[in-house]
Amino acid sequence: MELWQIMAIVLGSVFLITLLIFIVVYVRNKSSEDERRELLAKMYADPNLAKMEYDCAVYDEETERLVTRAVGRNGQIAANAEADQQLSFLGAPDTEGIEEITGNYKP
């Protein structure tokens, strides 16, 4: 046999082995991906989600009255003026100049 024939056989066999390894890895990844998708579908297919029990809240009369009082004319909850006054001691942030941070980073 000549050298080019030996090289063709070796390169062809390397190509076939690589192709077989690719096919095996692809099939394994495909099956594990299908299992992950099935697990996610089971996780998010909770019967409580179909009933919308997570999105509903039960209010008593007092809570309903407080919520309707807090909602303004345009349907938005009004801002709390008392909370704004409590935070007024913070003042405006100082944004002038560049602050240089020095020190040693220790992870």
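Biologist: Where do glutamate 33 and arginine 36 lie, and how many residues apart are they?

Modeller: Both belong to helix H1 of this predicted model, and they are three residues apart, about one turn of the helix. Side chains of opposite charge can pair when their charged atoms come close. Here the side chains of glutamate 33 and arginine 36 form a salt bridge, at 2.8 Å from N to O.

Biologist: Which residues are linked with Glu33 in a network of salt bridges?

Modeller: The network links Glu33 with Arg36 and Arg37. Arginine 37 meets glutamate 33 at 3.4 Å, N to O, and because these two are four residues apart in helix H1, about one helical turn separates them. As for accessibility, glutamate 33 is partly exposed at 30% and arginine 36 is partly exposed at 49%, whereas arginine 37, with 55%, is exposed.

Biologist: How should I read an aromatic pair?

Modeller: A pair of aromatic rings is described by the distance of the centres and the angle of the planes. A search of the whole structure finds one such pair: the ring centres of phenylalanine 22 and tyrosine 26 are 6.2 Å apart and their planes are at 25°, so the pair is stacked. Phenylalanine 22 is exposed, with a relative accessible area of 54%.

Technical notes:
Residues numbered from 1 in each chain as written. Predicted model: local features only at pLDDT ≥ 70, side-chain atom pairs only at ≥ 80, totals over all residues. Heavy atoms only, no water. Phe/Tyr/Trp six-rings, centres within 6.5 Å; stacked < 30°, edge-to-face > 60°. Buried < 20%, exposed > 50% of the residue type's maximum accessible area, 1.4 Å probe, protein only. Salt bridge = Lys/Arg side-chain N within 4 Å of Asp/Glu carboxyl O.
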